[in-house]
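This briefing goes through one protein chain, from its overall make-up down to single residues. Keep the sequence and the 3D view open while reading.

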Amino acid sequence: MEQLVWSILTQGLLTPITVRPLPNDEYEVISGHRRLYACQKAGIETVPALIYALDRDAAAIALVDSNLHREKILPSEKAFAYKMKLDAIKHRGKSLSQVATKSDSAAEVGAAMGESRDMVFRYIRLTNLVPPLLDMVDEGKIALMPAERLSYLTEEEQLALVDIMEDLEVTPSLSQAVKLKDLSASHRLDPDTMYEVMEKPKANQRETVKLDD
């Protein structure tokens with residue numbers, strides 16, 4: 001942010017922000033939130049802007065597309081962005097009641113990022129994770145595939161799992177996450193079974209056997 005402020009002070013705002021007009025004669029920023037904030041920090045009162053008459057859903061899609069093309073984006077940011085865009089497409093009149101239509105919409109969401117509809121659905125599942133688990137995904141402690149399986153656990157089960165992971169100092173592998181998901185689906189997941197699944201495998205113990213002459 002400090003570098004952006006300095007760049008704006010020395011060179012001006014080179015790329016206009018994008019806004020849409022609201023009924024109350026104000027404007028909503030669609031793209032350029034960081035640039036606008038940097039201008040405010042720099043004490044600049046007016047900025048160049050491109051004005052587009054977009055409805056709320058079209059604006060949401062434009063906002064998501066703008067954010068998704070940032071150089072660095074966290075898995076959690078991508079998850080909520082994909083969900084917002086999919087919801088916006090649905091609200092624009094595309095019914096998601098049928099699997100085929102839902103898949104087509106998800107494919108449309110992922111197309112801009114070069115990702116499959118299945119990958120879009122995996123990311124969206126992350127929005128069902130409790131904050132501590134989602135933070136671990138952002139920090140690279142839990143991979144996407146195991147995290148997607150953990151998202152099917154109830155909130156209570158997820159919070160219990162966080163405590164157990166901290167206690168054992170481990171994070172779940174894909175096979176462990178699949179096991180936890182299956183146990184949750186069959187209503188057989190409790191702290192004891194979580195410990196059994198998450199405990200580190202004991203090293204093979206070697207015994208010395210004295211052979212007869």
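The place of Arg 20, for instance, is in strand β1, which covers residues 17-21. The model is predicted.

**The chain as a whole**

- The protein chain has eleven helices and three strands.
- Read from the N terminus, the order of these elements is α-β-β-α-β-α-α-α-α-α-α-α-α-α.
- The chain holds 213 residues, and 35% of them are buried.
- Of the contacts between residues at least 6 apart in sequence, 60% join residues at least 24 apart.
- The chain exposes about 13,900 Å², and carbon and sulfur atoms supply 50% of that area.

- Is Arg 20 buried or exposed? Arg 20 has a relative accessible area of 11%, and buried means under 20%, so Arg 20 is buried.
- The side chain of Arg 20 makes a polar contact, at 2.5 Å, with the side chain of Glu 28.
- Leaving aside neighbours within four places in sequence, Arg 20 is in contact with Glu 26, Tyr 27, Glu 28, Ile 30, Tyr 52, Leu 54, Asp 55, Arg 56 and Ala 59.

**Helices α7 and α9**

- Two packed helices are described by the angle between their axes and the distance between the axes.
- Helix α7 spans residues 131-138 and helix α9 spans residues 155-168. Their axes come within 9 Å and cross at roughly 55°.
- An angle under 35 degrees would count as roughly parallel, and one of 65 to 115 as roughly perpendicular; α7 and α9 are therefore oblique to each other.
- Which residues make the contact? From α7 they are Pro 132, Leu 133 and Met 136, and from α9 they are Gln 158, Val 162 and Met 165.
- By type, the residues of this contact of α7 with α9 divide into five nonpolar, one polar and no charged.

**Asp 182 in helix α10**

- Asp 182 lies in helix α10, which covers residues 174-185.
- The relative accessible area of Asp 182 is 44%. Partly exposed is the range between buried, under 20%, and exposed, over 50%, so Asp 182 is partly exposed.
- How many residues apart in sequence are Asp 182 and Leu 153? They are 29 residues apart in sequence, and 9.3 Å apart in space from C-alpha to C-alpha.

Note on methods: Residues are numbered from 1 along each chain as its sequence is written. This is a predicted model: local features need pLDDT of at least 70, side-chain atom pairs count only at pLDDT 80 or more; totals for chains, interfaces and linings use all residues. Side-chain values use heavy atoms; hydrogens and water are left out. Axes are lines fitted to C-alpha atoms, for helices over the stretch in contact, and angles run from 0 to 180 degrees between N-to-C directions. Helices (H or I, at least four residues) and strands (E, at least two) are DSSP runs, numbered from the N terminus. Angles under 35 degrees count as roughly parallel, over 145 as roughly antiparallel, 65 to 115 as roughly perpendicular and the rest as oblique. Contact means heavy atoms within 4.5 Å. Ala, Val, Leu, Ile, Met, Phe, Trp, Tyr, Cys and Pro count as nonpolar, Asp, Glu, Lys and Arg as charged, and the others, Gly among them, as polar. Buried means under 20% relative accessible area, exposed over 50%, partly exposed in between (1.4 Å probe, protein chains only). A polar contact is a pair of N or O atoms within 3.5 Å; within protein, one must be able to donate a hydrogen and the other to accept it, and residues adjacent in sequence count only if both atoms are side-chain atoms. Accessible areas come from the Shrake-Rupley method with a 1.4 Å probe; for residues, only the protein chains shown count as cover.
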